[in-house]
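Visitor: I'd like to learn how to read a model like this one, feature by feature. Could you walk me through it?

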Amino acid sequence: MYEDILLNMKNHAEKKNLRESTVHSYFSATKYFLNFTNKQISDLTIEDADAFLTAKRLDGISPQTYNFYYSGIHFFYKKILKLNWDEEEISRMRRTRKLPVILSPQEMATVIQATSNLKHKAMISTMYSSGLRVSEMTHLHYDDISRKNCSIHVRDSKNRWDRYTILSQKNLELLTQYWYQCGRPKGILFPSSSTGSYLTTDGVNQFFKASVKKAGIQKKVSTHTCRHSFASHLLEAGTDLRYIQALLGHKDPSSTELYLHVSNKTLMGVQSPLDLLAEVVL
């Protein structure tokens, strides 16, 4: 029913070099909006978009869900309908920025040790030791691993940036053991055993959580916890934030500065002003 809209969205998205997953996300939000309004596309107005988003906000949906609809509808109006959109009048919802959950080095070691499946163990170790997103880890290829330079080439990441990150010697030894015992893959480094293609991130998240539970850790975590822990532990070890930013592939320094709030390093050695008042008797 909306095939022409999807095609138009794809054409415009290609000009901006957007990911296919982003296009489908925009299309999904737009399709939901069109079904909700039940109007002919030629009759749509800015007021329709405003009414829809206002209704969603009043329904109490999360900022993340609201912004999902916002992004798709905004793209549809601007690129397909060619209608003006006042972003001050119809704006995104501010997201509450919560501090990420961090596992201590000892907890990460326990999780890796609790993972009996060698392939799963190598994947968790790679995410933690190199600070990779789960999607970056699942899309690694054999040639992305450099033994000589002790580095990993991360291609076409979330921000469309290629980058290099560090390769731990211990992780290299684990990857070598995995490679020899699990079919010596020459293409995709961690292929699906059933399809030979890339693993789904949901599947990785499931076995990671299972390992965390087996390790007796009660924290609410996801695979992204490995990346958060990597950054926090580097900061605690004295690594400059600029290097951590480069290793993580963050465009915005503020994304990396978040770890200042969760690292014990930032609290160590900081003296309260009350303790500086020597003459005060409590």
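Visitor: Let's begin with a cysteine: is Cys 150 buried, partly exposed or exposed?

Guide: Bear in mind that this is a predicted model. Cys 150 has 32%, so partly exposed is what we call it.

Visitor: How many disulfides does the structure hold?

Guide: A disulfide needs two cysteine sulfur atoms within 2.5 Å. The count here is 0. Take Cys 182: the closest cysteine sulfur belongs to Cys 226 and sits 19 Å away, so the gap is too far for a bond. Cys 182 is partly exposed too, at 34% relative accessible area.

Visitor: And confidence? Where in the protein chain is it lowest, and where highest?

Guide: The score to look at is pLDDT, on a scale from 0 to 100. Helix α1 (residues 3-15) has the lowest confidence, with a mean of 78, while α6 has the highest, at 97. Across the protein chain the average is 87, and 91% of the residues reach at least 70.

Visitor: Now salt bridges. How many does the structure hold?

Guide: Look for a Lys or Arg side-chain nitrogen within 4 Å of an Asp or Glu carboxyl oxygen. There are 6 salt bridges here. One of them pairs Arg 155 with Asp 144, at 2.5 Å from N to O. Arg 155 is in the loop between β2 (151-154) and β3 (163-166), and Asp 144 is in the loop between α7 (134-138) and β1 (145-146), so this pair ties together parts 11 residues apart in sequence. Asp 144 is buried at 4% relative accessible area, whereas Arg 155 is partly exposed at 46%.

Visitor: Which residue forms a salt bridge with Asp 48?

Guide: That's Lys 39, with 2.9 Å between the closest N and O atoms. Asp 48 counts as buried, at 16% relative accessibility, and Lys 39 is partly exposed, at 34%.

Visitor: What about Arg 242 and Asp 240: how do their side chains meet?

Guide: In a salt bridge, 3.1 Å from N to O. Arg 242 is exposed, with 62% relative accessible area, and Asp 240 is partly exposed, at 30%. Elsewhere, salt bridges with shared partners link Arg 133, Glu 136 and Arg 163 into one network.

Visitor: Last one, pockets. What volume does the second largest pocket have?

Guide: To see where empty space is left, you roll a probe the size of a water molecule over the atoms. For the second largest pocket, the volume is about 310 Å³. It is lined by 13 residues, and Ser 125, Tyr 128, Ser 129, Ser 168 and Lys 170 are the closest to its centre.

Visitor: Which helices each supply at least two residues of that lining?

Guide: α6 (118-130), α8 (169-181) and α10 (224-236).

Technical notes: Residues are numbered from 1 along each chain as its sequence is written. This is a predicted model: local features need pLDDT of at least 70, side-chain atom pairs count only at pLDDT 80 or more; totals for chains, interfaces and linings use all residues. Side-chain values use heavy atoms; hydrogens and water are left out. On a 1 Å grid over the protein atoms alone, a cavity is a set of points where a 1.4 Å probe fits but cannot get out, and a pocket is an open set with protein on both sides within 12 Å along at least five of seven lines; lining residues have an atom within 4 Å of a point. Grid points are joined across faces, edges and corners, and a volume is the space filled by probe spheres set on the points. Helices (H or I, at least four residues) and strands (E, at least two) are DSSP runs, numbered from the N terminus. Buried means under 20% relative accessible area, exposed over 50%, partly exposed in between (1.4 Å probe, protein chains only). pLDDT is the predictor's confidence in each residue, from 0 to 100.
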